[in-house]
Each structure stands twice: as structure tokens, then as C-alpha cells.
Amino acid sequence: MSEDVRLVAWVRGHVQGVGFRWFARAKALEIGGVSGFALNLADGRVQVVAEGPHKNVEALLDWLQGDDTPGRVDGVTEIWDTPRGGYDGFAIR
């Protein structure tokens, strides 16, 4: 699949105060072609919004769910959608 997609993911666990957003941005830039942002939520989760080619966004999701993240990921809730655009690169919010 080479179509562009939008992923909204909520990452649960010990993911704040450990550089998680920075590493998510670095991974998105390493994968390439992925725009969006990572944001700390008040309830302790990190929200990641990513848009780009399906395989690239899927690679970012695989990383979010994997063992190579900082902190500890207990789970990821994901929603797939059509891209909305409007992102300039991948930001930390």
C-alpha cells in the first residue's frame, strides 16, 4: 500500500518524562515521509498523530508498540483515517 494515511495513536504506560516525544519525532524523521506531532496528555499518555505513506506510518506504529521505546509502553490504542494535511514536518507539542 502506498496511499497516504492518518494514524492517531494513544500510548499508555510510563511514557512521560523519559524523552518519548523526542524519540518518536526522531523515529518519524528516520523513517521519512511522515508528518504530524507527539503530545503529552494530562492523563499521562502520549498522543501521536502521523500522516504519510501507509508503510511509513505503519513502521512508526510498529516502533511505538515495540520494546525499543524509552520508558515503558503498556499499550497503544490506534485509529486509522484519511490524511487531513497541514503538518510541516513532525513536531513535539
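**Figure 1. The polar contact between Glu51 and Arg6 in a predicted model.** The side chains of Glu51 and Arg6 are joined by a polar contact of 2.8 Å, the term denoting a pair of N or O atoms within 3.5 Å of which, within protein, one must be able to donate a hydrogen and the other to accept it, while residues adjacent in sequence count only if both atoms are side-chain atoms. This is a predicted model, in which local features need pLDDT of at least 70 and side-chain atom pairs count only at pLDDT 80 or more, whereas totals for chains, interfaces and linings use all residues. Residues are numbered from 1 along each chain as its sequence is written, and side-chain values use heavy atoms, with hydrogens and water left out.

Figure 2. Glu51 is placed in strand E3, residues 46-53, where strands (E, at least two residues) and helices (H or I, at least four) are DSSP runs numbered from the N terminus. With a relative accessible area of 5%, Glu51 is buried, a class that means under 20%, as against exposed at over 50% and partly exposed in between (1.4 Å probe, protein chains only). Not counting residues up to four places away in sequence, Glu51 touches Val5, Arg6, Gly33, Val34, Ser35, Val57, Pro83, Arg84, Gly85 and Tyr87, contact meaning heavy atoms within 4.5 Å.

**Figure 3. Ser35 in strand E2.** Ser35 belongs to strand E2, which covers residues 35-40, and counts as buried because its relative accessibility is 17%. Once neighbours within four places in sequence are set aside, the contacts of Ser35 are Val49, Ala50, Glu51, Tyr87, Gly89 and Phe90.

Figure 4. Together, Trp22, Phe23 and Ile92 form a nonpolar patch on the surface with about 310 Å² of accessible area, areas coming from the Shrake-Rupley method with a 1.4 Å probe, and for residues only the protein chains shown count as cover. Patches are made of residues with over 30% relative accessible area and no salt bridge, like charges being joined within 9 Å and nonpolar side chains (Val, Leu, Ile, Met, Phe, Trp, Tyr) within 5 Å; a salt bridge is a side-chain nitrogen of Lys or Arg within 4 Å of a carboxyl oxygen of Asp or Glu. Ile92 lies in strand E5, residues 90-92, and is partly exposed, with a relative accessible area of 36%.

**Figure 5. The chain that holds these sites.** The chain has 2 helices and 5 strands, which follow the pattern β-α-β-β-α-β-β along the sequence. Of its 93 residues, 39% are buried.
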